Amino acid sequence: MEKKKIKVPHAFVILTFCIAVMSILTYVIPAGVYDMVPGAAGNTVVDPDSFHVVESTPVTFMQFLTAIPRGFVEAGWVVAMTIFVGCGFRVVEKIGVIPAGIEYLAKKYEKRGTAVIPLLMFIFALCDAFIGMPELCIVYVPIVLPLMMRLGFDSITACATVLCGSAAGFSAALTNPFTIVIGQNISGLPLYSGWQFRIVTFIVMWLIGVLFVLHYAKKIQKNPKRSETYEEDLPRRKKFIEEAMQYENGIHLNGRQKIAGIYSAVMLAVMLVGIVVLRWDMPEMCAIFLFIGVGAGLIAGMDLDSLCETLIAGGSDMMVGAMVVGVARGISVVMNDGQIVNTIVHGLASILTNVPTSLTVLAILLAITLMNFLIPSGSGKAVVLFPILAPLSDLVGITRQTAVVAYQFGDGFTNYFWPTSGFFMATLSLGGVAYQKWAKFYLPLLGIWIVASGVFLLIAQYIQLGPF
């Protein structure tokens, strides 16, 4: 008798259940707030000594029902970027630029397909180590997925190349403005100090991720049926191969198509420069992807009706991923309605003060890792937690620099595991990987990374990583 497999609920079911649980907890956990005061860097931060209980505001049934729509509003720019990425890339794909590029890379790495994985993971890791924009995973997947299919891998390998590369870079970042800059600013540390230690952590975390993904990729390349997504990948692999056949048969890009491809690459470069130099955010990124789609289509000679239809089709393809982002944000919506976020933060801080000094740094790592489920935003947590972590570090005898490193690790790796992380769930959706299948793949790597994080933090504590 065949053993019946346990069916894991759809991502929307999991997220809605989380919203319901958090709504119920607003009736159990007291409402509490911290006062906000001007920070040394001119920003507004939490006064760590100001926590006080306020009148409870438990989530009503109507607030529960509207949590998802309001989540869409609060996550509006991420939702918009997900859709505009689809619009832009569908046009570039339609005019043949992406299939031609994929076919070129597939032929180049045909005999050594695994060589492309460390290279791509390093690029993705380096980007997030400096600019801290994991939302760009939504951009990378539509390009990497067909390449991995052509090289004989599966959709999990494609998502892993993108997400694990990003995870290594974001979690062991060098200049991430959303974790390091905010954390060091609030803690009174010199900006980007401690970079020598972070370079070592970056290299080690990247190597761990690469070795793990390569081990899996080689297993799938040897026997594709061992993939958890084997059945789902069959029609997609067939589609990508059929699209590439025209290039194998000698059909090449014409002059206008090549110019459109160069234009798209230049616009992507402009976007990256804008993010780093001009501090561009989601609105500018959305505009660039729309500009890529419209510009590339017109350059390639598409008529206006076909261009509009292609843009709409691309946005439609991304709709599920965009919806996941909005639903996930509903969790933080009900927590804010019930005013329980600061109460949870205060409770964790109280626990940390009672942990033995030798284990405090590990307790901070664990606390932030758990907190990341409730507040996926790195900058949002930093503003709330660092006014508490900085004096707490002084009190228990660990350096503030070590606390920043602990925050990086705790905030980073689980962004690619907790279902409350909108960009991550959207990336999985675009890659066609069910959450439970990703969790089965990623959990062992997450465990390795957490252990490695603990080792690095103990070393930092031992050497009194500074300044102060």
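Let me begin with Asn342, which sits in helix H15 (residues 341-352), where helices, here and throughout, are DSSP runs of H or I with at least four residues, numbered from the N terminus. What I am showing is a predicted model, in which local features need pLDDT of at least 70 and side-chain atom pairs count only at pLDDT 80 or more, while totals for chains, interfaces and linings use all residues. Residues are numbered from 1 along each chain as its sequence is written, and side-chain values use heavy atoms, with hydrogens and water left out.

Asn342 is buried, with a relative accessible area of 17%; I use buried for under 20% relative accessible area, exposed for over 50%, and partly exposed for what falls in between, with a 1.4 Å probe and protein chains only. If we set aside its neighbours within four places in sequence, Asn342 is in contact with Gly32, Val33, Tyr34, Phe51 and Val384, contact meaning heavy atoms within 4.5 Å.

The largest nonpolar core has 156 residues, a nonpolar core being a set of buried Ala, Val, Leu, Ile, Met, Phe, Trp, Tyr and Cys residues joined through side-chain atoms within 4.5 Å. Which residues have the most contacts inside this core? They are Cys164, Met205, Trp438, Phe441, Tyr442 and Trp449. Tyr442, taken by itself and not counting residues up to four places away in sequence, touches Cys164, Ala167, Phe413, Tyr416, Phe417 and Trp449.

Ala168 is found in helix H7 (residues 155-171), and at 1% relative accessibility it counts as buried. Apart from neighbours within four places in sequence, Ala168 is in contact with Phe202, Met205, Trp206, Phe413 and Trp449.

H18 is mostly covered, with 13 of its 13 residues buried. In helix H19 (residues 422-431), nine of the ten residues are buried, so this helix is largely enclosed by the rest of the structure. Those buried residues are Gly422, Phe423, Phe424, Met425, Ala426, Thr427, Leu428, Leu430 and Gly431, and just after H19, Gly432 takes a positive phi of about 70°.

Now to the charged pairs. How many salt bridges does a search of the whole structure find? The search finds seven, a salt bridge being a side-chain nitrogen of Lys or Arg within 4 Å of a carboxyl oxygen of Asp or Glu.

One of them joins Asp337 and Arg70, whose closest N and O atoms are 2.7 Å apart. Asp337 lies in helix H14 (residues 319-338) and Arg70 in helix H2 (residues 61-74), so this pair ties together parts that are 267 residues apart in sequence. Asp337, at 18% relative accessibility, counts as buried, whereas Arg70, at 27%, counts as partly exposed.

Another salt bridge is formed by Glu232 with Lys437, where the closest N and O atoms are 2.4 Å apart. This pair, too, links distant parts of the chain, with Glu232 in helix H10 (residues 230-248) and Lys437 in helix H20 (residues 435-463), 205 residues apart. Glu232 is partly exposed, with a relative accessible area of 33%, while Lys437 is buried at 17%.

Arg400 forms a salt bridge with Asp394, the closest N and O atoms being 2.5 Å apart, and Asp394 is partly exposed at 44%. Arg90, Glu93 and Asp317 are linked in a network of salt bridges.

Finally, the surface. Val451, Val455, Ile459, Tyr462 and Ile463 form a nonpolar patch with about 540 Å² of accessible area together. Such a patch is made of residues with over 30% relative accessible area and no salt bridge, with like charges joined within 9 Å and nonpolar side chains (Val, Leu, Ile, Met, Phe, Trp, Tyr) within 5 Å, and the areas come from the Shrake-Rupley method with a 1.4 Å probe, for which only the protein chains shown count as cover. Val451 belongs to helix H20 and is exposed, with a relative accessible area of 56%.

Key. Helix = DSSP H or I, 4+ residues; strand = E, 2+ residues; numbered from the N terminus.
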